[in-house]
Amino acid sequence: MRNRNPILIVFLSLCVILIFVGASSDEPELGSARVVFQTEYGDIEFGFYPSVAPITVEHIFKLVRLGGYNTNHFFRVDKGFVAQVADVANGRSAPMNEEQRIVAEKTIIGEFSQVKHARGILSMGRHADPNSGGSSFSILLGDAPHLDGEYAIFGKVTKGDETLKKLEQLPTRREGIFVMDQDFANRADYNSVVILLWLMKSLEKGHKQMESCELDKSILKRRLAASTVEIERQRMKCFP
């Protein structure tokens, strides 16, 4: 019996390797678009899974294009679990225009899939109703198999894990079921982990001119966003 153990071990090891390789090939393909959230702790770039959650991707991408996430914030940072972006309608420090509000208040159906909740995955937030997703979403900071099939995955982080690690080091406090950034929990002006600006780019060939235009627009939007935030702060200070 002892002579067979090494063979059995080798066979099982090969099976594990084959299963692992096979599983990695099942990862959905990312689309060519990339979005970058800029924060004071660094940038976070992510891509979308249009083949997995086309309605969710279209909805979030539209909010990004409209500048909906500018001056929004991460209201929840739970180390090893999630960093959650607030819903646009209630999370921004800058006022919204009518188009932004209409899209931000829209709810979408739950596009549940077989994709696993692992570090870097983007997963939609929702209420008890599975079709109540809006604009809040989480970036997974670790594996969370209990969320699989329960929340709609629509993309993943492609760059910026170092930024996520910085967020995980922030002091936190528990508020009910949420682990929140300490600064956010103590302040009413949502200035803890703020999304300063979004950027869009494409990986497809032939989009150099578009990327250049996006860069020009991003610089302008950064200036406008900074001005808007300052105006809003002064308004809240002088006219509470």
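The points below go through the predicted model, from the whole chain to single residues.

1. Basis of the note. Residues are numbered from 1 along each chain as its sequence is written, and side-chain values use heavy atoms, with hydrogens and water left out. Because this is a predicted model, local features need pLDDT of at least 70 and side-chain atom pairs count only at pLDDT 80 or more, whereas totals for chains, interfaces and linings use all residues.

2. The chain as a whole. The chain has seven helices and ten strands, taken as DSSP runs numbered from the N terminus (helices are H or I, at least four residues; strands are E, at least two). Of its 240 residues, 42% count as buried, a word that stands for under 20% relative accessible area, with exposed over 50% and partly exposed in between (1.4 Å probe, protein chains only). The accessible surface comes to about 13,700 Å², and 58% of that belongs to carbon and sulfur atoms; these areas come from the Shrake-Rupley method with a 1.4 Å probe, and for residues only the protein chains shown count as cover. Among contacts (heavy atoms within 4.5 Å) between residues at least 6 apart in sequence, 66% join residues at least 24 apart.

3. Strands S1 and S2. Six of the seven residues of S1 (33–39) are buried, so this strand is largely enclosed by the rest of the structure. S1 and S2 run antiparallel and are joined by six bridges, where pairing requires that DSSP finds at least two bridges between two strands. A hairpin links S1 to S2 through two residues, and arginine 34 stands opposite glycine 47 in S2.

4. Glutamate 45. This residue is found in strand S2 and, at 8% relative accessibility, counts as buried. Glutamate 45 and valine 157 are 112 residues apart in sequence, yet their C-alpha atoms are 5.8 Å apart in space.

5. Strands S3 and S4. Five of the five residues of S3 are buried, so S3 too is largely enclosed by the rest of the structure. Four bridges join S3 to S4 (residues 82–85), and the two run antiparallel, with valine 77 opposite alanine 83 in S4. The hairpin of S3 and S4 has three residues between the strands, and in this hairpin glycine 80 takes a positive phi near 80°.

6. Threonine 71. Most residues other than glycine have a negative phi, and most peptide bonds are trans. Threonine 71 has a phi near 65°, a positive value in a residue other than glycine. It is placed in the loop between helix H2 (54–65) and S3 and, at 4% relative accessibility, counts as buried.

7. Helix H5. In H5 (residues 161–168), Thr163, Leu164, Leu167 and Glu168 are buried. Seen down the helix axis, the buried residues of H5 fall within an arc of 145°, so they line one face of the helix; the arc is that of the directions from the axis to the C-beta atoms. What covers these residues includes strands S1, S2, S3, S6 (137–140) and S7 (153–159).

8. The cavity. A search of the whole structure finds one cavity of 30 Å³ or more, and the largest cavity has a volume of about 60 Å³. A cavity is a set of points, on a 1 Å grid over the protein atoms alone, where a 1.4 Å probe fits but cannot get out, and lining residues have an atom within 4 Å of a point. Grid points are joined across faces, edges and corners, and the volume is the space filled by probe spheres set on the points. Among the residues that line the largest cavity are Thr56, Ile108, Phe112, Met124, Arg126 and Tyr151.

How values were computed
On a 1 Å grid over the protein atoms alone, a cavity is a set of points where a 1.4 Å probe fits but cannot get out, and a pocket is an open set with protein on both sides within 12 Å along at least five of seven lines; lining residues have an atom within 4 Å of a point.
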